[in-house]
Structures are given as C-alpha cells and as structure tokens.
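Here is a briefing on one protein model. Please look over the fold before reading the points below.

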Amino acid sequence: MATTASFTVGTPGGPRPVSLAYERTGAGEPLLLLHGIGHHRQAWDPVIPVLAVERDVIAVDLPGFGASPGLPDGLPYDLTTVASLLRAFCEELGLDRPHVAGNSLGGLLALELGREKRVRSVTAFSPAGFWTERERRYAFGTLRAMRLAAGSLPLPLIERLSRTPAGRAVLTSTIYARPGRRSPEAAVRETVALREAAGFHQTLAAGRDVMFTDDVPGLPVTIAWGSGDRLLLRRQGIRAKHTVPGARLVRLPGCGHVPMSDDPALVARVVLDTSR
C-alpha cells in the first residue's frame with residue numbers, strides 16, 4: 001500500500017506543495033529505488049523481498065508517474081528539479097544519504113544524486129544520458145510509440161492479452177527480454193501506468209538535451225546493462241564507463257532494459273554488492 005510524502009519547494013511564484021507516493025519495507029541502511037519513464041515503483045517488486053533482508057527499502061513513484069501526482073505549474077520535469085525534489089523527499093523521510101539504485105531515467109537520477117554526494121552508493125541499470133543524438137531519437141520515438149499503443153488498447157483487451165505469455169510479450173517485450181515472467185496483473189498495471197502517466201510528455205521533452213558528462217568520484221558506483229536491452233543499446237554502457245571511470249561496469253546476460261523481472265536474483269546481487 002502506498003504512502004504519500006508531502007513537502008513544499010520554492011518556485012519563482014512562491015512555495016508550492018509536492019507529493020510523492022512510496023512504499024517502504026525492510027531494515028538496515030536506507031536504499032532508495034527509482035524507476036524509469038512511463039513506469040512506476042512496482043517495477044522493483046521482483047527484487048524488493050531480497051533487498052529488504054539487508055536494507056530499509058524505499059521505492060518511490062517519480063513525479064507524474066504511478067500514484068504520484070504531476071508537478072504544480074512552474075516546476076519543470078528536468079533533471080535538476082526532479083533531483084532536488086528527491087533530496088527534499090529524503091529529508092522529509094529522515095533518510096541520511098541513502099544508497100540509491102535506479103533504472104533508465106531513475107539510473108540517470110541516481111547518478112545525479114551521486115554526483116552531488118547526496119547518497120552513499122549508486123547502482124544504475126541502463127541509465128539514460130549516455131546516448132548519441134540518433135540513439136536518443138530512437139529511444140524517445142520508441143517510448144512515444146509504446147505510450148500511443150498503451151493508450152489505444154481498451155482495458156478488456158489489455159487484460160485478455162496479459163493472460164498468456166505471447167500476449168504479455170505484445171504488451172511488454174520492448175523493455176523485457178523475458179516478458180513471460182511478468183505476472184498478468186503486473187503486465188496490466190504497468191500498461192495502464194504508462195498510458196495514464198501525467199508527467200510522460202513533459203519528462204520526455206525535458207530529456208531532449210540531457211547528457212550525463214560528469215564523473216562521480218568518491219562513491220561506490222555500478223553501471224549495469226542488459227545484454228538484450230532494446231531501448232538503450234548496451235554500447236552506451238561503454239560510454240558511461242568512460243564518463244564515470246571509477247564505476248564498475250556489469251553485463252546482465254539475458255536481461256532487457258528493465259532487468260528487475262528478467263533476473264531478480266542477479267539484479268538484487270548487483271545492488272547489494274554495490275551498497276556493501
């Protein structure tokens with residue numbers, strides 16, 4: 001069951017309220033989990049039971065995704081703003097420099113929090129921001145097509161497709177290498193989350209000029225890439241390693257862009273190894 005953290009942030013028009021939905025479980029050092037664009041915190045569900053054995057796990061819905069409402073007028077969905085909101089969120093929950101793991105957009109945000117020395121360690125799965133312009137256009141075009149397809153399917157058809165491995169492949173194979181491992185309920189929820197994401201277009205627009213170009217020195221950093229990533233191609237991991245030379249670069253065999261359900265044990269091990 002989601003909990004909501006509410007806090008205020010400054011804007012040119014004065015303080016504005018912001019709310020972020022999250023779920024928290026486990027015990028140990030805090031670990032913040034961040035999802036990608038068009039997804040929701042439940043993307044991490046397959047690995048949370050393992051992580052929660054050793055960590056106080058906080059899975060958050062980013063602004064305008066999942067159960068988190070969109071940002072108020074005057075707040076852009078850019079990297080600087082969302083990173084500052086996550087810092088305020090951590091302060092609201094009393095999280096003192098948590099570990100952070102993120103996927104895609106969440107991986108980019110995790111690296112930004114690491115660059116600012118706001119976290120203890122960073123694990124980034126297929127992080128955004130290491131693309132060429134051509135690769136970025138391909139990824140954004142694919143995301144728009146996914147959103148359009150999700151919005152065009154009636155809910156009864158989505159539910160019917162979710163009942164078979166082949167149908168789940170139709171719904172989710174762009175981001176999963178093993179879509180048949182998704183439960184029918186998860187496939188329905190994430191398809192609906194994609195089409196209902198209030199922050200989708202603004203976040204995508206804000207990412208047009210994003211490139212991560214800074215090192216993240218002084219922290220344990222792992223950058224992991226699925227061998228079957230069809231959205232952000234794995235050669236971008238080599239660029240990420242050149243940008244963050246102290247990072248450990250890990251290959252995830254048989255995993256797609258969102259690896260948490262493709263191989264939960266491997267993903268959990270990568271996160272825990274980094275945070276240890």
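This is a predicted model: local features need pLDDT of at least 70, side-chain atom pairs count only at pLDDT 80 or more; totals for chains, interfaces and linings use all residues.

Residues are numbered from 1 along each chain as its sequence is written, and side-chain values use heavy atoms, with hydrogens and water left out. An open sheet of 8 strands has mixed pairing. The model also holds a largest pocket of about 340 Å³ and a largest cavity of about 270 Å³.

**The sheet**

- The strand order is E1-E2-E4-E3-E5-E6-E7-E8. Strands (E, at least two residues) and helices (H or I, at least four residues) are DSSP runs, numbered from the N terminus. Two strands pair if DSSP finds at least two bridges between them.
- Strand E1 (3-9) and strand E8 (248-252) are the edges, and each pairs on one side only.
- Neighbouring strands are turned by 25° against each other on average, with direction ignored. Axes are lines fitted to C-alpha atoms, for helices over the stretch in contact, and angles run from 0 to 180 degrees between N-to-C directions.
- Strands of a sheet pair through backbone hydrogen bonds, either parallel or antiparallel.
- E6 (residues 122-125) and E7 (residues 221-226) run parallel, joined by 4 bridges. Ala124 has Ile223 in E7 as its bridge partner.

**Strand E4**

- E2 and E4 run antiparallel, with 5 bridges between them. Here Gly26 stands opposite Asp56 in E4.
- E3 pairs with E4 in the parallel sense over 6 bridges. Leu34 stands opposite Val60 in E4.
- E4 is largely enclosed by the rest of the structure, because 6 of its 6 residues are buried. Buried means under 20% relative accessible area, exposed over 50%, and partly exposed in between (1.4 Å probe, protein chains only).
- Both faces of E4 are covered. Arg55, Val57 and Ala59 are buried on one side, and Asp56, Ile58 and Val60 are buried on the other.

**Helices on the sheet**

- Helix H2 (residues 79-93) lies across E1, E2 (16-26), E3 (29-34) and E4 (55-60). H2 runs at about 115° to E1.
- Helix H10 (residues 264-275) packs on the sheet and touches E3, E4, E5 (99-103), E6, E7 and E8. The direction of H10 makes about 150° with that of E6. Contact means heavy atoms within 4.5 Å.

**Buried residues**

- Gly114 is found in helix H3 (residues 105-115). Its relative accessibility is 0%, so Gly114 counts as buried.
- Gly114 touches Val119, Val122, Val216 and Leu219, not counting residues up to four places away in sequence. Pro220 is 106 residues from Gly114 along the chain, yet their C-alpha atoms are separated by 9.2 Å.
- Gln42 is found in the loop between E3 and helix H1 (48-51). Gln42 is buried at 16% relative accessible area.
- The side chain of Gln42 makes a polar contact with the side chain of His40 (3.0 Å). A polar contact is a pair of N or O atoms within 3.5 Å; within protein, one must be able to donate a hydrogen and the other to accept it, and residues adjacent in sequence count only if both atoms are side-chain atoms.

**Positive phi**

- Most residues other than glycine have a negative phi, and most peptide bonds are trans.
- Ser104 has a positive phi, near 60°. Ser104 is found in the loop between E5 and H3 and counts as buried at 8% relative accessibility.
- Ser126 has a positive phi, near 45°. Ser126 is found in the loop between E6 and H4 and counts as buried at 1% relative accessibility.

**Pocket and cavity**

- On a 1 Å grid over the protein atoms alone, a cavity is a set of points where a 1.4 Å probe fits but cannot get out, and a pocket is an open set with protein on both sides within 12 Å along at least five of seven lines; lining residues have an atom within 4 Å of a point. Grid points are joined across faces, edges and corners, and a volume is the space filled by probe spheres set on the points.
- The largest pocket has a volume of about 340 Å³. It is lined by 23 residues, and the closest to its centre are Met146, Leu171, Thr172, Ile175 and Leu194.
- Helix H4 (133-152), helix H6 (165-172) and helix H7 (184-196) each give two or more residues to the lining of this pocket. H4 gives the largest share, 4 residues.
- The count comes to 1 cavity of 30 Å³ or more. Of the 25 residues that line the largest cavity, the closest to its centre are Ile37, Leu105, Leu108, Thr203 and Gly207.
- H2, H3, H4 and helix H8 (200-206) each give two or more residues to the lining of the largest cavity.
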